[in-house]
Amino acid sequence: MSASPTNASPKRRAPTRRLMAPAVLFLLIWMIVPLAMTLYYSLQDYNLMMPDMRGFAGFLSYELLFTDPVFWDALLNTLLLVATCLLITVVAGLALALLFNRTFVGRGIARTLAISPFFVMPVVTGLIWKYMLLDPVYGLFSWVMRSMGFEPIEWLSSYPLLSVVMMISWEWTPFALLILLTGLQSLPEDQLEAVRLDGANRWQEFRHIVLPHLGQVLYVVVMLESIFFLTSFAEIYATTSGGPGTATTNLPYYIYLGAFYQYDIGLSSAAAIGAVVLANICAIFLIRFVAGNLNAGSQR
Amino acid sequence: MAIVELKDVAKRYDSMPGKKGGEHANAVEDFNLITRDGEFVVLVGPSGCGKSTTMRMIAGLEHNTAGEIRINGQDVSAVEPRDRDIAMVFQSYALYPHMSVYHNMAFALELKKTPKDEVKKRVQEAAKILDIEHLLDRKPRALSGGQRQRVALGRALVRQPQVFLMDEPLSNLDARLRVEMRAEITRLHRRLGVTTFYVTHDQTEAMTMGQRIVVMRDGRIQQIDTPYNLYERPLNRFVAGFIGTPSMNFLQADYQGDTLRGEGFSCSLNPHQQAALGDAGQRARCWLGIRPEHLHQADTFTGSGRLEGAVEVIEPLGPVTMAQVRIGETLVTAQLAAHLEVQIGDTLALAFDPDHVHLFDIDSDRTLGLETDPAVSAQATA
Ligand SMILES: Nc1ncnc2c1ncn2[C@@H]1O[C@H](COP(=O)(O)OP(=O)(O)O)[C@@H](O)[C@H]1O
Ligand SMILES: [Mg+2]
């Protein structure tokens, strides 16, 4: 920060820009070109079933999109999915991180085990949950239910969105755990001791020292996770295929359906633009919220 | 304000490997001390001797594995740190980075639900004493080392605790600031009269600040005494060498008749010292200790102690010059006049007063003749 370009002499500024140019150019191509193409296609009447009947359609695709009830279902599902998964992974990740930050016998092994779900590929996660855990006949959950004398639950058909939320949370809690744990380990021990001598109990210690210390790290976790949750696809594809009905159709799945089932490139491009807008709205809210909290935390 | 009492206190860390022989396997051992109300006690000793451990046990951050700690007569072994009403100043300051200076200082009071006006008043007061009023809105990261140090002190001050603990609070400051803060802490203590434990590895700090000094080594107390007594009457060779800069010189000497002799030096003893060595019976060998400031150039000083050797190092310090003279295997340091007309390699004759000689047992390193020291017995009867 100290070497900001405003401090640099004019002589030094010019090469800085030129040196930055490749990176900026790369980013531009990487982001702007696909975005521009998507925008272009969203304004086209373009169906792969009738590739030669192609032409400018104006905002027709957007009209169709906004009047499609499935789109609104998908939007709502996406928001629900992101919100609940964020809540679960951050709370569970934080709890686990606090646990693993203590010393106990076998901590190394336990920590490795706790982190391993993160290394399972999303499709595999979907299959594991669908067949090994949630299956009403062979699944582990139904076995537990039965052995306790209950009727097993048909998870994927009775609680489809909840099932998907469970899978994604299972997969991503380790991520939150890992990052929050590194955050906890960078907290100087003497601050905890100081606050203990200052008369804080366990909760106050957590509230006034640990949580503010984790602020930045929490921000990173929430940002990264919401980006990934917004685009979750493989888990849904491998288990519920967006169903039953539209119960687990989120935006990515909706776009996929539009492009590869209805072959309607115009419509799915429009939906993709919608997803981009949504992601940006989320990002702005999150940044506001987290930054506000950080400031509030630092003001006291 | 409080009387702190440590009785046979010991600490053994679980992760500590037992050293060979198991003799010094404890981080702290047999720690006995009773403070007076409002006393300023300094713990001093080389790094790793258990000073911090002792402080942390008083604070309750570590449990003592043996013995008893009492504050105002109450055994505090079952009292949580937060209920001990002790404020600690850490070497690293341990300020809360996300809080302003004001909140750092107010935090403990706010936790106790002190009324806002009262909090404000006390923080302002402490800030004024420490001259940090203009910093109250800043974050710790925007402060210099000396300012952080003051905030850390202020955070302890506003609490008006029963006991202050300070663990090497000045060791991260530069030399000049350290001297300044040293005086300031002493002044604060005189003003507030709160019982204070102060840890340092710097004997100068200990000597200038402590009303009583606890010299520690390898987890054991070597001596508890006033600065003057530590300097004049060290109980053993370790304390003698640790207190005073530059350190006391030690030479192995033989006792014959009424004189001590060794290669390059000799010294006739006073009756009291003769008695001390006479007590030692067979032990004709002993350690002779003489402080650099008690060595003088022989041509300007008439003492019966003589010492002669080649000069190896000359360090002019301004007001005085330090000369190191080779005596057998050891380099003896002498504090001499500023204009020293001697070159490296010259033979330098030094003289000293036998009354300034300290004698130590050759095996146990204990000071000889303490029991018969007229000054000590005078003090005991006083
Ligand atoms: N948490 C700990 N676990 C194991 N050994 C420790 C711990 N803290 C200190 N020690 C050991 O205890 C001894 C005394 O340490 P300490 O009290 O910190 O010394 P000082 O403060 O005098 O430098 C040292 O040998 C140190 O290695
Ligand atoms: Mg220490």
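Predicted model: local features only at pLDDT ≥ 70, side-chain atom pairs only at ≥ 80, totals over all residues.
Residues are numbered from 1 along each chain as its sequence is written, chains are lettered from A and ligands numbered from 1 in the order in which they are written, and side-chain values use heavy atoms, with hydrogens and water left out.

Chain B has 382 residues, and 53% of them are buried (under 20% relative accessible area; exposed is over 50% and partly exposed in between, with a 1.4 Å probe and protein chains only). Its secondary structure comes to ten helices and 20 strands; these are DSSP runs, H or I of at least four residues for helices and E of at least two for strands, numbered from the N terminus. The C-alpha trace of chain B spans about 75 × 45 × 45 Å along its principal axes. Among contacts in chain B with a separation of 6 or more, 69% are between residues 24 or more positions apart, a contact being heavy atoms within 4.5 Å. Chain B exposes about 17,400 Å², of which carbon and sulfur atoms supply 48%; accessible areas come from the Shrake-Rupley method with a 1.4 Å probe, and for residues only the protein chains shown count as cover.

Helix α3 of chain B covers residues 116–130. With 15 residues at 1.5 Å a residue, α3(B) should span 21 Å, and its end C-alpha atoms are 21 Å apart, which agrees; the expected span is 1.5 Å times one less than the number of residues. The buried residues of α3(B) are B:Val119, B:Arg122, B:Val123, B:Ala126, B:Ala127, B:Ile129 and B:Leu130. Seen down the helix axis, these buried residues fall within an arc of 160°, so they line one face of α3(B); the arc is that of the directions from the axis to the C-beta atoms. Their cover includes α2 (101–111), α4 (145–157) and α5 (175–192) of chain B. B:Asp117 and B:Lys128, on the other side of α3(B), are exposed. Just after the helix, B:Asp131 takes a positive phi of about 60°.

Eleven residues are around ligand 1, and B:Gly48, B:Gly50, B:Lys51, B:Ser52 and B:Thr53 come nearest (a heavy atom within 4 Å). An N or O atom in the side chain of B:Thr53 is 2.5 Å from an oxygen atom of ligand 1. A backbone N or O atom of B:Cys49 lies 3.2 Å from an oxygen atom of the ligand. The side chain of B:Tyr13 has an N or O atom 3.4 Å from a nitrogen atom of ligand 1. Of the 560 Å² of accessible area that ligand 1 has on its own, the protein covers 64%.

Terms used
Polar contact = N/O pair within 3.5 Å; in protein donor to acceptor, adjacent residues only side chain to side chain.
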